[in-house]
Amino acid sequence: MVEELKRIALVTGANKGIGFEVTRSLGKAGLIVLVGARNRELGEAATATLTAEGIDARYVEVDVVRQATIEAAASLIIAEFGRLDILINNAGINDTGDGPPSAADLGAVRRVIETNFLGAVAVTQAMLPLLRKSAAGRVVNVSSGLGSLKWNADPNWEFAAVKLLGYCSSKAALNMLTIQLAYELRGTTIKVNASNPGYTATDLNGRQGYQTVAQGAAETVRLALLPDDGPTGGFFETSGPDPW
Ligand code: NAP
């Protein structure tokens with residue numbers, strides 16, 4: 001009964017970093033949070049931490065590059081809840097072999113695109129039938145300013161020197177997924193947006209980012225909880241829309 005009233009959110013890569021903080025915020029807002037993680041031990045530990053904070057959290061195995069885990073997660077969620085209200089495509093990697101176009105290792109570029117873009121596509125396709133059963137589905141793709149073509153083309157941009165071909169391309173492609181899926185779902189109650197967390201201190205960047213994880217999670221949380229008159233097909237950071 002409670003499940004019918006509470007919204008249900010799945011976050012990929014929820015065991016740490018921005019994903020964990022997004023999950024925590026959604027849990028604190030009263031949602032049932034499904035802690036998607038590829039590593040059971042880490043996922044269960046994160047779930048236990050959230051549960052200890054009074055959050056209704058459940059661990060769900062999701063490795064975004066292992067289709068079987070994605071399909072099993074979709075089956076589990078449909079069996080238990082009959083729908084999904086919010087999907088946060090947060091799981092992401094960088095790779096030390098990534099680099100500028102002249103030097104990036106091709107294997108590294110493939111690995112990054114496989115996780116950051118194709119992983120999000122795979123999870124979204126598997127969860128879409130469940131989101132269609134929600135009264136107000138929300139998809140948030142955790143992108144990056146590094147995925148902005150406009151900013152990449154600006155030699156004076158603050159991060160102009162960060163030319164990681166694999167990572168930047170993966171986020172540009174994730175933005176394309178956002179635009180195209182929002183278009184496909186226009187006229188439905190499902191909203192699809194991309195968030196730019198901003199440079200945040202996590203393991204992804206050796207904790208060099210200058211924002212806290214709470215700051216890095218904020219825009220993703222806002223987009224997850226958008227009201228019915230909120231936008232779809234947009235790319236946002238906390239201060240407003242970002243250029244594609
Ligand atoms: P993080 O602390 O390294 O967290 C990344 C999360 O993704 C971890 O939970 C990791 O799981 C998970 N993950 C990686 N590969 C996965 C896979 N195949 N299947 C499932 N989960 C997987 O990094 P973060 O900074 O929080 O990154 C979260 C998202 O924010 C990423 O998409 C990143 O690109 C984006 N972002 C970050 C920043 C920043 O400054 N930090 C800025 C812009 C965008 P494991 O623990 O098992 O490795």
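Colleague: Is Arg-207 buried or exposed?

Modeller: Exposed means over 50% relative accessible area. Arg-207 has 54%, so it counts as exposed. Keep in mind that this is a predicted model.

Colleague: Where is Arg-207 found?

Modeller: Arg-207 sits in the loop between strand 6 (191-195) and helix 8.

Colleague: What is the phi of Arg-207?

Modeller: First the general idea. Most residues other than glycine have a negative phi. Now the case here. Arg-207 is not a glycine, yet its phi is positive, at about 60°.

Colleague: Now the inside. Which residues of the largest nonpolar core touch the most other members?

Modeller: In soluble globular proteins, nonpolar side chains tend to be buried together. The largest nonpolar core here has 28 residues. Leu-10, Leu-34, Val-62, Ile-77, Leu-84, Met-127 and Leu-131 touch the most other members.

Colleague: Which elements give two or more residues to this core?

Modeller: Two strands do: strand 1 (8-11) and strand 2 (32-37). So do helix 4 (67-81), helix 5 (106-131) and helix 7 (165-184). Helix 5 supplies the largest share, seven residues.

Colleague: Take Leu-34. Where is its place, and what does Leu-34 touch?

Modeller: Leu-34 belongs to strand 2. Its relative accessibility is 1%, so Leu-34 counts as buried. Leave out residues up to four places away in sequence, and Leu-34 touches Ile-8, Ala-9, Leu-10, Val-11, Arg-58, Val-60, Ile-77, Phe-81 and Leu-84. For a distance across the model, take Lys-163. Leu-34 and Lys-163 are 129 residues apart along the chain, and their C-alpha atoms are separated by 34 Å.

Colleague: And Val-123? Is Val-123 buried or exposed?

Modeller: Val-123 has a relative accessible area of 0%, so Val-123 is buried. Val-123 lies in helix 5. Again leaving out residues up to four places away in sequence, Val-123 touches Thr-12, Val-62, Val-64, Ile-70, Leu-87 and Asn-89. Between the C-alpha atoms of Val-123 and Thr-189 there are 19 Å, with the two residues 66 residues apart along the chain.

Colleague: On to helix pairs. At what angle do helix 5 and helix 7 pack?

Modeller: Two packed helices are described by the angle between their axes and the distance between the axes. For helix 5 and helix 7, the angle is about 20° and the axes are 7 Å apart. Angles under 35 degrees count as roughly parallel. Helix 5 and helix 7 are therefore roughly parallel to each other. Their crossing is right-handed.

Colleague: Which residues make the contact of helix 5 with helix 7?

Modeller: From helix 5 come Val-109, Val-112, Ile-113, Asn-116, Phe-117, Ala-120, Val-121, Thr-124 and Leu-128. From helix 7 come Gly-166, Tyr-167, Ser-169, Ser-170, Lys-171, Ala-173, Leu-174, Leu-177 and Leu-181. By class, the contact has 12 nonpolar, five polar and one charged residues.

Colleague: How far apart are the axes of helix 2 and helix 8?

Modeller: The axes of helix 2 and helix 8 (residues 213-224) are 8 Å apart, and the angle is about 55°. Helix 2 and helix 8 are therefore oblique to each other. This crossing is right-handed. Helix 2 contributes Gly-17, Ile-18, Glu-21, Val-22, Ser-25 and Leu-26. Helix 8 contributes Val-213, Ala-214, Gly-216, Ala-217, Thr-220, Val-221 and Ala-224. The contact divides into eight nonpolar, four polar and one charged.

Colleague: Glu-21 is in that list. Is Glu-21 buried or exposed?

Modeller: Buried means under 20% relative accessible area. At 12% relative accessibility, Glu-21 therefore counts as buried. Glu-21 is in helix 2. Beyond residues up to four places away in sequence, Glu-21 touches Val-213, Ala-214 and Ala-217.

Colleague: Which residues make the contact of helix 2 with helix 3?

Modeller: Geometry before residues. Helix 2 (residues 17-28) and helix 3 (residues 40-52) pack at about 30°, with axes 11 Å apart. Their crossing is right-handed. Phe-20, Thr-23 and Arg-24 of helix 2 meet Ala-46, Thr-49 and Leu-50 of helix 3. That contact has three nonpolar, two polar and one charged residues.

Technical notes:
Residues are numbered from 1 along each chain as its sequence is written. This is a predicted model: local features need pLDDT of at least 70, side-chain atom pairs count only at pLDDT 80 or more; totals for chains, interfaces and linings use all residues. Side-chain values use heavy atoms; hydrogens and water are left out. A nonpolar core is a set of buried Ala, Val, Leu, Ile, Met, Phe, Trp, Tyr and Cys residues joined through side-chain atoms within 4.5 Å. Buried means under 20% relative accessible area, exposed over 50%, partly exposed in between (1.4 Å probe, protein chains only). Helices (H or I, at least four residues) and strands (E, at least two) are DSSP runs, numbered from the N terminus. Axes are lines fitted to C-alpha atoms, for helices over the stretch in contact, and angles run from 0 to 180 degrees between N-to-C directions. Angles under 35 degrees count as roughly parallel, over 145 as roughly antiparallel, 65 to 115 as roughly perpendicular and the rest as oblique. A crossing is left-handed if the near helix is turned anticlockwise from the far one by less than a right angle, and right-handed if clockwise. Contact means heavy atoms within 4.5 Å. Ala, Val, Leu, Ile, Met, Phe, Trp, Tyr, Cys and Pro count as nonpolar, Asp, Glu, Lys and Arg as charged, and the others, Gly among them, as polar.
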